[in-house]
2 protein chains.
Amino acid sequence: MTLAEVQTIHCGDCPIRHRAVCARCDADELEELDGIKYYRSYEAGQPVVWSGDQMNFVGSVVSGIATLTQTMEDGRTQMVGLLLPSDFVGRPGREGAAYDVVATTDLVMCCFRKKPFEDLMAKTPHIAHRLLEMTLDELDAAREWMLVLGRKTAREKIASLLSIIARRDASLTKDPTSGAVSFDLKLTREAMADYLGLTLETVSRQISALKKSGVIVLEGKRHVTVPDMRRLIEEAGDDSDGGFWG
Amino acid sequence: MTLAEVQTIHCGDCPIRHRAVCARCDADELEELDGIKYYRSYEAGQPVVWSGDQMNFVGSVVSGIATLTQTMEDGRTQMVGLLLPSDFVGRPGREGAAYDVVATTDLVMCCFRKKPFEDLMAKTPHIAHRLLEMTLDELDAAREWMLVLGRKTAREKIASLLSIIARRDASLTKDPTSGAVSFDLKLTREAMADYLGLTLETVSRQISALKKSGVIVLEGKRHVTVPDMRRLIEEAGDDSDGGFWG
DNA sequence: GCCTCATGTTGATCTGTGTCAAAGCTGACA
DNA sequence: TGTCAGCTTTGACACAGATCAACATGAGGC
């Protein structure tokens with residue numbers, strides 16, 4: 001299924017609106033602006049927007065996860081953001097996207113084309129304000145990540161990523177007596193390397209090192225338990241009070 | 001002069017409005033919203049907002065330059081953004097700023113407090129839209145910089161920074177026959193290192209290396225001439241078509 | 001002029017991370 | 001059951017960039 005073939009389906013009842021656009025407004029605002037709400041579906045691995053394409057819509061993730069990546073000609077790649085449900089992407093009217101957006105799971109987005117989006121912005125100032133807030137949050141997160149990329153050691157980078165995942169991951173479990181936290185790493189070592197500006201070998205080695213010093217406990221390759229979050233945060237250097245994942 | 005002592009002066013005629021907030025709207029919009037426009041002045045080196053302070057206003061730079069930096073307890077610092085005239089900063093109502101904002105030259109800002117700012121956003125949707133656009137531009141620039149920090153070599157980093165400065169610097173001169181471009185580097189080697197996640201020694205060495213291979217010509221320490229921009233962009237790996245500086 | 005201090009350059013050496021290579025593990029599938 | 005492919009770990013080695021140190025340059029003040 002190519003980008004061109006993606007179905008565009010009108011929807012009269014977008015489940016995302018209360019979390020995303022309307023998170024701070026009265027319930028049913030959007031329903032009154034009929035004809036401007038759409039779904040789009042993408043399969044895992046499919047590009048949502050490819051760097052250089054016209055990005056002619058604004059979309060909010062309903063379900064699934066997408067990654068934002070930048071790539072150099074020689075193949076070096078850097079992940080620059082994640083889109084989780086309720087996050088936004090898109091610059092209607094902007095020539096050429098700045099980075100690739102790829103669905104890493106099956107993905108559903110609620111999309112607005114240029115004109116309806118501009119109408120929406122003009123008619124509902126509180127939605128415009130909420131969008132600005134969300135964008136500023138993303139900007140803060142991106143800037144925090146710049147410190148990780150520019151100044152932290154490999155070990156600190158891994159610890160930063162783990163502590164941010166631990167804070168953000170909704171499916172995490174917490175042991176009430178010990179306070180230990182566990183979660184599934186949904187990333188390959190290579191994906192982690194792309195977030196952190198490292199090689200996958202270095203990621204693997206540093207995870208082994210954190211395991212050996214007892215900061216984390218691994219079951220299998222992907223299930224992580226953190227016996228003491230403070231210890232992990234300490235390893236991260238400190239940041240870790242907001243972060244890349246929102 | 002401490003932050004608390006900064007004068008807050010009502011102004012009825014803010015010269016920045018057409019470049020910043022109103023860049024895409026009819027001329028005199030702001031004049032009709034009297035009583036919500038302010039100036040603030042800062043001396044070079046003075047903090048505008050210190051990380052952890054309440055950031056209780058939104059400000060647009062009228063003149064001067066400020067830097068945004070993040071610092072770790074052990075002193076490692078990473079520059080995460082620049083504020084040039086017409087740029088914005090601030091999150092009214094947000095507890096604690098995410099990073100330090102410091103005036104690096106004498107600085108004048110046009111500021112809005114929380115309430116007037118929210119009124120402005122509500123009453124003038126085209127200004128709200130313009131603010132969103134500007135914030136999205138900054139987000140794109142931050143993400144582009146993440147590629148530089150995470151994946152580029154020292155030499156590529158220097159070339160990236162120089163080509164971005166060459167594109168952004170208003171005071172640059174261009175030789176009409178040869179196409180050579182020259183400008184003054186307004187940054188110390190240390191500041192460049194903080195942008196690029198390097199040490200100042202590495203910055204110095206790589207500048208010398210670029211000079212030796214003829215990509216740039218130096219007069220004194222700070223005046224740079226680029227005989228062939230394509231050559232510099234090639235050295236940068238490629239990105240360099242938007243960038244950190246706006 | 002001379003001193004001082006901030007900024008910049010260069011050299012020698014060290015080290016963290018990349019690179020290349022081999023082998024282990026796990027789940028899918030025939 | 002065996003095989004295969006993708007992911008992960010681990011080792012040996014190389015190298016880019018950090019660190020430590022010495023010296024150069026240039027502007028400002030006396």
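In chain A, S12(A) and strand S13 (residues 223-226) run antiparallel and are joined by 3 bridges, where strands (E, at least two residues) and helices (H or I, at least four) are DSSP runs numbered from the N terminus, and two strands pair if DSSP finds at least two bridges between them. This is a predicted model, in which local features need pLDDT of at least 70 and side-chain atom pairs count only at pLDDT 80 or more, whereas totals for chains, interfaces and linings use all residues. Residues are numbered from 1 along each chain as its sequence is written, chains are lettered from A and ligands numbered from 1 in the order in which they are written, and side-chain values use heavy atoms, with hydrogens and water left out.

**Sheet in chain A**
- Val217(A) has Thr225(A) in S13(A) as its bridge partner.
- The open sheet has 4 strands with antiparallel pairing, in the order S10-S11-S13-S12.
- Strand S10 (173-174) and strand S12 (217-219) of chain A stand at the edges with a single partner strand each, so one side of each is left without a neighbour in the sheet.

**Surface near DNA strand C**
- DNA strand C is surrounded by 17 residues, the closest being Thr202(A), Arg205(A), Arg189(B), Ser208(B) and Arg222(B); a residue is near a strand if one of its heavy atoms lies within 4 Å of it.
- These residues divide into 3 nonpolar, 7 polar and 7 charged, with Ala, Val, Leu, Ile, Met, Phe, Trp, Tyr, Cys and Pro counted as nonpolar, Asp, Glu, Lys and Arg as charged, and the others, Gly among them, as polar.
- Helix H5 (200-212) of chain A and helix H5 (200-212) of chain B each supply at least two residues of this surface, and H5(B) gives the largest share, 5 residues.

**Two buried residues of chain B**
- Arg151(B), in helix H2 (residues 125-151) of chain B, is buried with a relative accessible area of 16%, where buried means under 20%, exposed over 50% and partly exposed in between (1.4 Å probe, protein chains only).
- The side chain of Arg151(B) makes a polar contact with the side chain of Asp194(A) at 3.1 Å, a polar contact being a pair of N or O atoms within 3.5 Å of which, within protein, one must be able to donate a hydrogen and the other to accept it, and residues adjacent in sequence count only if both atoms are side-chain atoms.
- Ser182(B), found in strand S11 (residues 181-184) of chain B, is buried with a relative accessible area of 14%.
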